[in-house]
Amino acid sequence: MLDKTFNPAAVEEKHYTLWEEKNAFAANHEAGKEPYTIMMPPPNVTGSLHMGHALTFTLQDILIRYNRMKGKDALWQPGTDHAGIATQMVVERRLEAEGVTRHDLGRDKFIDKIWEWKAQSGGTIVNQLRRLGASADWAKERFTMDEGLSEAVRKVFVELYKQDLIYRDKKLVNWDPKLHTAISDLEVEQREVNGKMWYFNYPLEGEDGKFVTVGTTRPETMLGDTGVAVHPDDERYKDLIGKNVILPIVNRAIPIVADEYADPEKGSGAVKITPGHDFNDYEVGKRCNLEIINVLDLNAHLNENVPEKYQGMERFEARTKVVAEMEELGLLVKIEENPMTVPYGDRSGVVIEPWLTDQWFVKADVLAKPALEAVETGKTRFVPKQWENTYYEWMRNIQPWCISRQIWWGHQIPAWFDEDGNVYVEMTEEAAQKVAGEGVKLTRETDVLDTWFSSALWPFSTLGWPEKTPQLDHYYTTDVLVTGFDIIFFWVARMMMMGIHFMGEVPFKDIYIHALVRDEQGAKMSKSKGNVIDPLELIDQYGADAMRFTLTAMAAQGRDIKLATSRVEGYRNFATKLWNAARFCQINGCKPVKEFDAASVKHPVNRWIVGKVGEVAGEVGTAIDGYRFNESANAIYGFAWGTFCDWYLEFTKPILNGDDESAIEETRATTAWVFDQILHILHPIMPFITEELWESMADERDMQLISATWPEKLLDDSDANEEMDWLVQLISTIRTTRSELNVPGSVALSVYLQGANEKTAQRLARNENLIKRMARLGSIDLVDEAVAQGCVQEVVGESTVFINVVDHMDVAAEKARLEKEIANLDKIIGGKEKKLANEKFVANAPADVVATERQKVQELSEKNAKFKEALARLTSAL
């Protein structure tokens, strides 16, 4: 017999250990089954489980477990990402605590330290995924820096280089002066700040007392100005185009050029151009053939290209000094407050510098074309479909991808330079030396590749590429990628490009983009707000199954999840309900019967429930196939709690307590069989409790539930369905009326059916005692005429149902209660609608606040409609 209460902690580790011991997660390409493949988005090796992980890995696990039960060879390919910058920062911080820097150790010893750290601490998130119940094929786990994947990375780099799709160039990049590396646009966090705009006078060359006024938010970069731009149609400056101004402090003559980048409506209409330190200025410089001067070093200190007194000065210190010197020279015109956007490194938290440096780039525009076409033609589809537009926008405007990073942890670029600067890109140093020639001294490129470069190969490198392995042939193209919208650019687009280029086929058939998990008010979770919900704490408190079911039930396409711990607690109660249903089965002798044929049951209530099992299995399966996870959860929840526990178990109590041994035996077997099927259908969402109950309900099992088969429809008896559905509707109608009109549960009501046909009369005769017990009635009778006085009228089937409520309640008090509720709700709804009609409120309030207000109006209006309907029915009964 099961314990009285369900203790998640007692069963979760037990069953996960058993699943792993029995290789229940293992895919087998030699089994001859249809493949079903999901590539796990590799979490950072530095990571720990957060709610975003909990959602995405729960949904992936549901798909894998479901398709495994459908008889497919389901591979969930796991692994972790080396997370170049993030991991290097973690290990550097650990060394700093010991008073050591990576430079003290040198590159090789520092990398050894990282591998040591990975061996000790790098598997944290993998173990946390096990606590979540993730049934990945852990024996196939990969790491982006393991030997096989490293070979794939080298081969891709070399091939793209030889195809002229990778090149090296001196370009302006986002430079992180703390981490000493280039970072991508996607790793730059744009922050709104209150800055300043300084206006300076630049003297016109050879024209004493004449100036051009320019505005700048970065006075320190003026030392690298090589031009001033004005709009070609700006009448104020037409005569000056082609002349020079003298750059103050530096005393260098720089030209006035015409370029449409200069906005006549903004500031003075004249813009100083610093091609070496601004992306827009860089483009103007290229168009106008301006010199590019770099005035910063890798630390964002001023370098040798500025006047000696500024050399070595920190950039913001230099800003103060430049402004002071311009003021001393009488060239500072004014200073204005200026709200602006400033780029920060998302890892380092320091201001990013546009910096001119040698980097490696991929011609992403070439690779993007077939990846765009794949989505346009439907080879790969986005779910929800609107995310296609985000993908299109990025891919149609894609820029060269800077793939080099100036850090030590990562895939070192397979390129070697000779003393003349010639580059040799090969798989090995030996191959490079062979191409360069004997005796030519070669030096290895020190840069490593952007982490996303190796991640872009994940769908095929993890399956053994560049070797033509059976696994690669069997599992590629994969079925679905499940991920968040925030890495469509980082990862999804790049996997599409690389997959098509190297495999000739798209990496995924579907890309399911799930929503964000927010707090219960709809705000984004952040440590600074103090509203972060830790999934591991929820698992400790409520169990993994309750948290998984909550996330699934709330995962509606295109809608963010507003998570409250009360929701998790509510679904923990659902787990308790299942546990109690299992105990009910045990107490009443409902044990699985090995040779039981559910399709051959005879009693109508048993034929009805067997048919309903097939319906809900189909409904849940269709919803999972369509990535409508919330619908799948709600369907099985409604069936398990409502149809099975609230209706079927109640309907069968008279049978189990009766004296028809044949009916008792059939009903016990049916009850156990139906409960088993519920466990099957629930298993992908709630794996732990279902496996525990599956094991506990029978003396022995031939297999674990994880390996069982998804239920099929066995029976569809229209007569049984109609009778039991009629019974449910009749009892529900009477219960609802009693509840809405506050009729005490102890009162035995009188009910009359008018207009019933012969079939309904027979159903009533067969089920009269059951109806009386479940609806708490004193009597239920067939009548020829309407019984309007004192009765509320409802319609069930072809019959009008008269429910005598007036004789059993304080009508005046109930009317007053309903009228008060309606008036109160009318007032609240009116206030909210007035607020939403205020254009200023809608324009200024956060979008999630406005959406919450609208949702509240809808909920209150639905509640009010029920009160109004109840009042109308009560009034009609008088």
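This is a predicted model: local features need pLDDT of at least 70, side-chain atom pairs count only at pLDDT 80 or more; totals for chains, interfaces and linings use all residues.
Two strands count as paired here if DSSP finds at least two bridges between them.

Strand β26, residues 749-754, and strand β27 pair in the parallel sense over six bridges. Within that pairing, Ser750 stands opposite Ser779 in β27. Helix α25, residues 758-775, packs on the sheet and touches β26, β27 and β29. The direction of α25 makes about 160° with that of β27. Now bring in the other strands: the open sheet has four, in the order β27-β26-β29-β28, and its pairing is mixed. At the edges lie β27 (777-783) and β28 (791-796), each of which pairs on one side only. From one strand to the next, the twist averages 20°. Another helix to look for is α24, residues 718-740, which lies across β26, β27, β28 and β29 (799-804). Its course runs at about 155° to β28.

A second sheet is worth a visit. Strands of a sheet pair through backbone hydrogen bonds, either parallel or antiparallel. In this open sheet, three strands follow the order β19-β18-β20, and the pairing is antiparallel. The edge strands are β19 (423-425) and β20 (443-444), each pairing on one side only. Strand β18, residues 415-417, is joined to β19 by three bridges in the antiparallel sense. Here you can find Ala415 opposite Val425 in β19.

Next, turn to a pair of helices. Helix α20 (residues 604-625) packs with helix α22 (residues 661-682) at an angle of about 5°, and their axes are 10 Å apart. Because angles under 35 degrees count as roughly parallel, α20 is roughly parallel to α22. The residues of this contact divide into nine nonpolar, four polar and one charged. On the α20 side, those that meet α22 include Ile609, Val613 and Val620. Among the α22 residues they face as a group are Glu666, Trp673 and Ile681.

Is Arg142 buried or exposed? Its relative accessible area is 17%, and since buried means under 20%, Arg142 is buried. The Arg142 side chain reaches the backbone oxygen of Thr462 at 3.1 Å. Leaving aside neighbours within four places in sequence, Arg142 is in contact with Gln77, Pro78, Gly79, Thr80, Gly148, Leu149, Trp458, Ser461, Thr462 and Gly464.

Conventions
Residues are numbered from 1 along each chain as its sequence is written. Side-chain values use heavy atoms; hydrogens and water are left out. Helices (H or I, at least four residues) and strands (E, at least two) are DSSP runs, numbered from the N terminus. Axes are lines fitted to C-alpha atoms, for helices over the stretch in contact, and angles run from 0 to 180 degrees between N-to-C directions. Angles under 35 degrees count as roughly parallel, over 145 as roughly antiparallel, 65 to 115 as roughly perpendicular and the rest as oblique. Contact means heavy atoms within 4.5 Å. Ala, Val, Leu, Ile, Met, Phe, Trp, Tyr, Cys and Pro count as nonpolar, Asp, Glu, Lys and Arg as charged, and the others, Gly among them, as polar. Buried means under 20% relative accessible area, exposed over 50%, partly exposed in between (1.4 Å probe, protein chains only). A polar contact is a pair of N or O atoms within 3.5 Å; within protein, one must be able to donate a hydrogen and the other to accept it, and residues adjacent in sequence count only if both atoms are side-chain atoms.
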